[in-house]
Amino acid sequence: MIFQIFSLLLIFINLHSKNQVSASPVLLWSNENLPQSNVPLATLSPLNLISDYICSLTNKKIYLRIVAVNDLTTEDFQRSLQHHHPLLLDAKKNERNFLYFPNVANDVYKTFSLMPQSNNMKCSHIHFELISLKIYETLNDALNRIQTRINKIGTDSNHAVLIALINGPVNDQIDIHHMSRQRRQINVEKNVVLRSNNATCMFYAKNLYWNDVNGTLSSGRNYSLNLNRSSCQPNIPSTSNDSSVILNLVWTNEQMPSDIVTVSLTTTIFGRFWRLENVTLNQNEYRYFVSGMHSPMETPPTYCYVCTTAEFVRYDSQTRYGLYNFSNKFYIKDLQFQPFHANGSTFGPPNYCTSFFTRGIWMAITSSLLCLGILLFGIYHLMGIKSNDRFDDPKGKPLIIKAQE
């Protein structure tokens, strides 16, 4: 009996330890005054930390710098504090520029790195821009880096800056040598994703097929993206005040290296969405088509546009009303594109090219409404038919009509 109780106790302890959430410390610094409220000693989720403390700031834009340390623990902070590190001494004085959280769930690295794409309603008034993300092996190196950055920033109120010292990626979190594509929950190697110099523009595609939607024709029509010769140029000056990006893509035929295709995509932010303004292939104008209709790829700035097979049709704008040539097309497979507000490591939430109402759905709805209209029209007229209001009385004298001879 005692042995059975002891076995059940061991099983319970084992299950409890597996379900227990490990935690790590987080230190925040900002040139703005952070809210000095009571910090819970229990394990705090990163989302609650961001919602209750960071998003309480009134700034409309915050530049985020993330400094991560692998296997960071509270004991590391205690040891560094004993060595009288100036940064930790200032934090211990409870200055309004610092916030220290001793126990934050270990998914803090992933949560903080995805802050620019967050849909948190409490942070809807703030636009986060990830300036830097670096991982250090020791806490001392990270503290020295933060101290240098704080001395450089000072208390300049022109731009709100937030520096977060957090634990590095653990277990199943995103590896720094990979880039997560949220569309299919797979990892894409860093060397196959095109990024701009400031990492705010990101582009990925598998292949380009010329007049071949499935890529089953001869290899002379299939092209691969040349990342070394391609570029994404953000903030190109335009005729208006809207932000614009020009993506120059160079595609090379691996079977025929001399066969090169150049594609240019121009996107611009209009209000709450960015749109695809112009597409050229070898200086010829094309237009993007979805479900048989021209589409401008309207997508929120913090989202990426995703399409399994992107179709582009030749367009002649020199004619009076414009002319499409559907025999001249090219296709881009596994397209994922975010021209604005990318963080250099992950794409934003996906906006899929496949709309909910396809042509087949619209045809079915239209046919059903037409048949329903005909049925209601018939019922309406049937309800309007009136029967005779006078009939012969069988008990009365019959009506006799004399006929003339």
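In the predicted model, C307 and C353 form a disulfide, with the two sulfur atoms 2.2 Å apart; a disulfide is taken here as a pair of cysteine sulfur atoms within 2.5 Å. The pair links distant parts of the chain, with C307 in strand β18 (residues 304-316) and C353 in the loop between β20 (350-352) and α7, 46 residues apart. Helices (H or I, at least four residues) and strands (E, at least two) are DSSP runs numbered from the N terminus. The torsion about the S-S bond of C307 and C353 is about 70°, so this disulfide is right-handed. C307 and C353 are both buried, where buried means under 20% relative accessible area, exposed over 50%, and partly exposed in between (1.4 Å probe, protein chains only).

Residues are numbered from 1 along each chain as its sequence is written. As the model is predicted, local features need pLDDT of at least 70 and side-chain atom pairs count only at pLDDT 80 or more, while totals for chains, interfaces and linings use all residues; side-chain values use heavy atoms, with hydrogens and water left out.

The structure holds three disulfides. With bonded cysteines counted along the chain, the pattern is 1-2, 3-4, 5-6. C55 is joined to C123 at an S to S distance of 1.6 Å. C55 lies in the loop between α2 and β2 (61-69) and C123 in the loop between α5 and β4, so the pair ties together parts that are 68 residues apart in sequence. The S-S torsion of C55 and C123 is about 70°, so the disulfide is right-handed, and both C55 and C123 are buried. C201 is bonded to C232, S to S 1.9 Å. C201 is placed in the loop between β8 (194-195) and β9 (202-204) and C232 in strand β12 (residues 231-234), so parts 31 residues apart in sequence are tied together. A torsion of about 95° about the S-S bond makes the disulfide of C201 and C232 right-handed; C201 and C232 are buried. Two further cysteines can be described by their accessibility: C304 is buried, with a relative accessible area of 0%, whereas C371 is exposed, at 52%.

The chain has seven helices and 20 strands. Of its 405 residues, 40% are buried. The accessible surface of the chain (Shrake-Rupley method, 1.4 Å probe; for residues, only the protein chains shown count as cover) comes to about 24600 Å², and 54% of this belongs to carbon and sulfur atoms. Among contacts (heavy atoms within 4.5 Å) between residues at least 6 apart in sequence, 71% join residues at least 24 apart.

In helix α2 (residues 46-54), the buried residues are P46, L49, I50, S51, Y53 and I54. Their cover includes β1 (23-30), β3 (98-105), α5 (108-113), β4 (127-136) and β5 (160-167). A42, in the loop between β1 and α2, counts as exposed at 52% relative accessibility. A42 and V104 are separated by 62 residues in sequence and by 8.4 Å in space, C-alpha to C-alpha.

Three salt bridges are counted, each being a side-chain nitrogen of Lys or Arg within 4 Å of a carboxyl oxygen of Asp or Glu. K61 and E129 meet at 3.1 Å, N to O. This pair links strand β2, which holds K61, to strand β4, which holds E129, 68 residues apart. K61 and E129 are partly exposed, K61 at 36% relative accessibility and E129 at 22%. In the salt bridge of E298 with R275, the closest N and O atoms are 3.6 Å apart. E298 is in the loop between β17 (293-294) and β18, and R275 is in strand β15 (residues 273-281), 23 residues apart. The side chains of E311 and K329 form a salt bridge at 2.9 Å, N to O. E311 lies in strand β18 and K329 in strand β19 (residues 323-338), so parts 18 residues apart in sequence are tied together. K329 counts as buried at 17% relative accessibility.

A nonpolar surface patch of about 880 Å² is made by I361, W362, I365, L369, L372, L375, L376, I379 and M383. Patches consist of residues with over 30% relative accessible area and no salt bridge, like charges being joined within 9 Å and nonpolar side chains (Val, Leu, Ile, Met, Phe, Trp, Tyr) within 5 Å. L372 belongs to helix α7 (residues 359-383) and is partly exposed, at 42% relative accessibility.

The mean pLDDT (the predictor's confidence in each residue, from 0 to 100) is 78 for the chain, and 77% of the residues score at least 70. Over residues 8-21 pLDDT stays under 50, and the model has two contacts beyond four places in sequence for this stretch. Residues 172-187 also have pLDDT below 50, with 51 contacts in the model beyond near neighbours in sequence. Where pLDDT is low, the predicted coordinates should not be read in detail.
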